[in-house]
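Student: I have a new structure to read, and I would like to go through it by question and answer. Please show it to me.

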Amino acid sequence: MWSNLPCAYWPVPAAPPVAIKAAGAAPILVVGTTRDPATPYRWARALAADLSSGVLLGWNGDGHTAYGQGSGCVDTIVNRYLISLKVPRSGTLCP
């Protein structure tokens, strides 16, 4: 909470959010964690849905990141995506 305090008193008004669709982009893998205290899983779902080529990968776990946190399922899928451009089925949820 304390790290966000300066934003409350920032002297410049925020710009309106811009819709990003990434039209024409190759598949974009969005990885979310179901119990992430910083970026809720619903945000990952929404981002994947907003992107024209968004693909959602979820991890039913705790913490702010999923990759490299002990889930062989997540690590295998992300590695295949990064190394071989193999895209998982959107909405895949790793245990």
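Student: Is aspartate 62 buried, partly exposed or exposed?
Tutor: This is a predicted model, and the relative accessible area of aspartate 62 in it is 52%. The cut-off for exposed is over 50%. Aspartate 62 is therefore exposed.

Student: Which residue forms a salt bridge with aspartate 62?
Tutor: The structure holds one salt bridge, and its closest N and O atoms are 2.6 Å apart. It links distant parts of the chain, with aspartate 62 in strand S2 and its partner in strand S1, 27 residues apart. The partner of aspartate 62 is arginine 35.

Student: How does arginine 35 count by relative accessibility: buried, partly exposed or exposed?
Tutor: Arginine 35 has 43% relative accessibility.

Student: What is the order of the strands in the open sheet?
Tutor: The sheet is open and has three strands with parallel pairing. Strand S1 (28-35) and strand S3 (92-94) are its edge strands, each pairing on one side only. Neighbouring strands are turned by 25° against each other on average, direction ignored. The order is S1-S2-S3.

Student: How many bridges join S1 to strand S2?
Tutor: S1 and strand S2 (residues 54-62) run parallel. Strands of a sheet pair through backbone hydrogen bonds, either parallel or antiparallel. Between S1 and S2 the number of bridges is seven.

Student: Which residue in S2 is the bridge partner of glycine 32?
Tutor: The bridge to glycine 32 is made by a residue in S2. That partner is also a glycine, namely glycine 58.

Student: Which cysteine does the disulfide join to cysteine 73?
Tutor: The count of disulfides comes to one. A disulfide is a covalent bond between the sulfur atoms of two cysteines. Here the S to S distance is 2.0 Å, and the link is left-handed, with -65° about the S-S bond. The residue joined to cysteine 73 is cysteine 94.

Student: Where in the chain does cysteine 73 lie, relative to its partner in strand S3?
Tutor: The pair links distant parts of the chain, 21 residues apart. Cysteine 94 is in strand S3, while cysteine 73 is in helix H3 (residues 72-84).

Student: Which element gives the largest share of the largest nonpolar core?
Tutor: This core has 10 residues in all, among them Leu29, Trp59, Tyr81 and Cys94. S2 and H3 are the elements that give two or more residues to it. The largest share is four residues, and it comes from H3.

Student: What is the relative accessible area of leucine 57?
Tutor: Leucine 57 lies in strand S2 and belongs to the largest nonpolar core. Beyond its neighbours within four places in sequence, it is in contact with residues including Val31, Ile77, Thr92 and Cys94. Leucine 57 is buried, and its relative accessible area is 0%.

Student: How many residues does another core have, the one that lies apart?
Tutor: The core that lies apart from the largest one includes Val30, Ala44, Leu51 and Leu56. Its number of residues is six.

Student: What is phi of leucine 85 near?
Tutor: Most residues other than glycine have a negative phi, and most peptide bonds are trans. Leucine 85 lies in the loop between H3 and S3 and counts as exposed at 66% relative accessibility. Its phi is a positive value, near 60°.

Student: Where is alanine 22 placed?
Tutor: Alanine 22 has a positive phi, near 55°. It is partly exposed, with a relative accessible area of 24%. Alanine 22 is placed in the loop between helix H1 (5-8) and S1.

Student: What is the separation in space, C-alpha to C-alpha, of asparagine 4 and aspartate 36?
Tutor: Asparagine 4 is in the segment before H1 and is exposed, with a relative accessible area of 52%. In sequence, asparagine 4 and aspartate 36 are 32 residues apart. In space, C-alpha to C-alpha, they are apart by 18 Å.

Notes: Residues are numbered from 1 along each chain as its sequence is written. This is a predicted model: local features need pLDDT of at least 70, side-chain atom pairs count only at pLDDT 80 or more; totals for chains, interfaces and linings use all residues. Side-chain values use heavy atoms; hydrogens and water are left out. Two strands pair if DSSP finds at least two bridges between them. Axes are lines fitted to C-alpha atoms, for helices over the stretch in contact, and angles run from 0 to 180 degrees between N-to-C directions. A disulfide is a pair of cysteine sulfur atoms within 2.5 Å. Buried means under 20% relative accessible area, exposed over 50%, partly exposed in between (1.4 Å probe, protein chains only). Contact means heavy atoms within 4.5 Å. A salt bridge is a side-chain nitrogen of Lys or Arg within 4 Å of a carboxyl oxygen of Asp or Glu. A nonpolar core is a set of buried Ala, Val, Leu, Ile, Met, Phe, Trp, Tyr and Cys residues joined through side-chain atoms within 4.5 Å.
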